Amino acid sequence: MHVVWDNREAVALAFGYTLLLFLISGVLSMVLGTFLAALRVGPVAVLRLAGTAYVTVVRNTPLLIVLIFFRIAGPKMGIKFNFVDITIGDVRLNNVFTACVVGLTVYTSAFVCEALRAGINAVPLGQAEAARAIGLPFGGVMRTVVLPQAIRAALPPMASVQIALLKNTTVAGALGVVEAFARMRGLTNDNAPERISLFIAFALIFVVLVEILSLFANRLERRWRIA
Amino acid sequence: MTMQEDEPGEPLVVLDKVDKWFGELHVLQDINLTVHRGEVVVVIGPSGSGKSTLCRAINRLETIDKGTITLDGEPLPQEGKALAKHRAEVGMVFQSFNLFAHKTILENVTLGPIKVRKKSKAEAEARANELLDRVGIGHQASKYPAQLSGGQQQRVAIARALAMDPKVMLFDEPTSALDPEMIKEVLDVMVDLAKQGMTMVVVTHEMGFARTAADRVLFMADGQVVEENTPEQFFTNPTSDRAKDFLGKILKH
């Protein structure tokens, strides 16, 4: 374990990247995923089809391929993120980091969409009918009656999707972002005899991070529980 | 019983040659029905006879394929804001109550008045409390629907519909999901409502309610109105074989 301690600043920085990848992609994927879910449950057939096509293509593609697309194929096709170059202390957010955020967002949003759709489907049809019967228009029915209940039902699968995202950020390590996985690989190369304890240390840190995330989800679930 | 001695009021809900298909199934066949202001029409009939569909068509929770439905002389709008406005004028009580599960009893009753009628919160709450007292739930206003019994939930659902000051109230098998001992508390509220002159269309299996509160009984079978009569005539002397058969089955216990 002393290797981790001796390199604590580098390890902390690496997990900083991990958390940044997670937080930025997490928020963006929820925004894009909500939009996709709205397309998929909405009344317009063309938009429903577009939403379904997106989910089918993206969800059926391995994450590594999605990331490689934005990291390697994208720039050759003119999808570049060179305009991003932000430095905050030791943290540098450049085009590589951005490509990974975009890839993780694109990939995760398909799962967010499906988690939300599961929540919407879990709301009994009678709730929407009762809301319509008192004269609420479509938007009002969704905003005041269906979505507040759908989000409660979608919370457990949504938590799973976000937990998967937190761990999926390690794939970005293979593509040039020195996040936790890449740092671990570096340390094991330099300290081969300590390999096992390094694996365990990094795994434990991930366990703690995911546990914090699921505690947060559990608290939300309890607070939003109906009566 | 309000209208029996009086002249019937003016026509309020009029269905003219209404047809509807569910795929191959012709669920509503050439339905003609006029409900007058202040009248209580009870629709009875076997399962699958189309009576719920008829009830739901009046506020367009079911679309119809042919014919017209008018409320107070205005044809039913197809969709959008106009349809929402129409629905605000029609109170609906469902078999499964459908109270908004994430809102308190009080919020259930005030939601429509505040969001649709644009009343102030204070005004809506005052009226809601008055209505909840009337249906006997006043002291439970801050609870959530899941904390109430079925009969209590259904009475809240009636209060929620009344809070919109509807022109007509539709009841789609309001007591079918209730335990026997809770049926009475809901029917009592409905009988009161009928006495106060509310225009009502009630789909039900409660023959007792039909006898005491109905001005007219509509008997439906296989998508058609088979018989239309006063409750007294219908129960003592049904004219159609289909109705005789139906009454023979349900009254023999």
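What share of residues 12-39 of chain A is helix, and how many Å apart are the end C-alpha atoms? In this predicted model, residues 12-39 of chain A are 100% helix and 0% strand, with 40 Å between the end C-alpha atoms. An unreviewed UniProt entry assigns the feature "transmembrane region" to this stretch, and also to residues 45-70 and 196-217 of chain A. For residues 196-217 of chain A the figures are again 100% helix and 0% strand, and here the end C-alpha atoms are 31 Å apart.

Chain A as a whole has nine helices and two strands. Read from the N terminus, its elements follow the order α-α-α-α-β-β-α-α-α-α-α. Along the principal axes, the C-alpha atoms of chain A fill a box of roughly 70 × 45 × 30 Å. Of the 227 residues in chain A, 44% are buried.

The charged side chains of chain A come next. A:Glu114 and A:Arg59 form a salt bridge through their side chains, at 4.0 Å from N to O. A:Glu114 belongs to helix α5 (residues 95-122) of chain A and A:Arg59 to helix α3 (residues 45-59) of chain A, so this pair ties together parts that are 55 residues apart in sequence. The two partners can also be described by their accessibility. A:Glu114 counts as buried because its relative accessibility is 15%, and buried means under 20%. A:Arg59, with a relative accessible area of 39%, is partly exposed. Both residues take part in a network of salt bridges that links A:Arg40, A:Arg59, A:Glu114 and A:Arg117.

Another group of charges in chain A lies on the surface. A:Arg219, A:Arg222, A:Arg223 and A:Arg225 form a positive surface patch. One of them, A:Arg225, is found in the segment after α9 (195-224) of chain A. A:Arg225 counts as exposed because its relative accessibility is 57%, and the cut-off for exposed is over 50%.

Chain B can be approached through its annotation. An unreviewed UniProt entry gives "domain: ABC transporter" for residues 13-247 of chain B. Over residues 13-247 of chain B, the chain is 38% helix and 26% strand, and the end C-alpha atoms are 27 Å apart.

Which parts of chain B does the pair B:Arg37 and B:Glu10 tie together? The side chains of B:Arg37 and B:Glu10 meet in a salt bridge of 3.5 Å, N to O. B:Arg37 sits in the loop between β2 (25-36) and β3 (40-44) of chain B, while B:Glu10 sits in the segment before β1 (11-22) of chain B, so the pair ties together parts that are 27 residues apart in sequence. B:Arg37 counts as partly exposed, at 31% relative accessibility. B:Glu10 is partly exposed too, with a relative accessible area of 48%.

A further salt bridge in chain B joins the side chains of B:Lys249 and B:Asp245, at 3.2 Å from N to O. Here both residues lie in helix α9 (residues 241-251) of chain B, four residues apart, which is about one turn of the helix. B:Lys249 counts as exposed, at 57% relative accessibility, whereas B:Asp245 is partly exposed at a relative accessible area of 37%. Over all chains, the count comes to 19 salt bridges.

Terms used:
Residues are numbered from 1 along each chain as its sequence is written. Chains are lettered from A and ligands numbered from 1 in the order in which they are written. This is a predicted model: local features need pLDDT of at least 70, side-chain atom pairs count only at pLDDT 80 or more; totals for chains, interfaces and linings use all residues. Side-chain values use heavy atoms; hydrogens and water are left out. UniProt positions are given in the numbering used here, feature names are shortened, and annotations may be inferred rather than shown by experiment. Patches are made of residues with over 30% relative accessible area and no salt bridge: like charges are joined within 9 Å, nonpolar side chains (Val, Leu, Ile, Met, Phe, Trp, Tyr) within 5 Å. Accessible areas come from the Shrake-Rupley method with a 1.4 Å probe; for residues, only the protein chains shown count as cover. Lys and Arg count as positive and Asp and Glu as negative; His and the chain ends are not counted. The place of a charge is taken as NZ of Lys, CZ of Arg, CG of Asp or CD of Glu. Buried means under 20% relative accessible area, exposed over 50%, partly exposed in between (1.4 Å probe, protein chains only).
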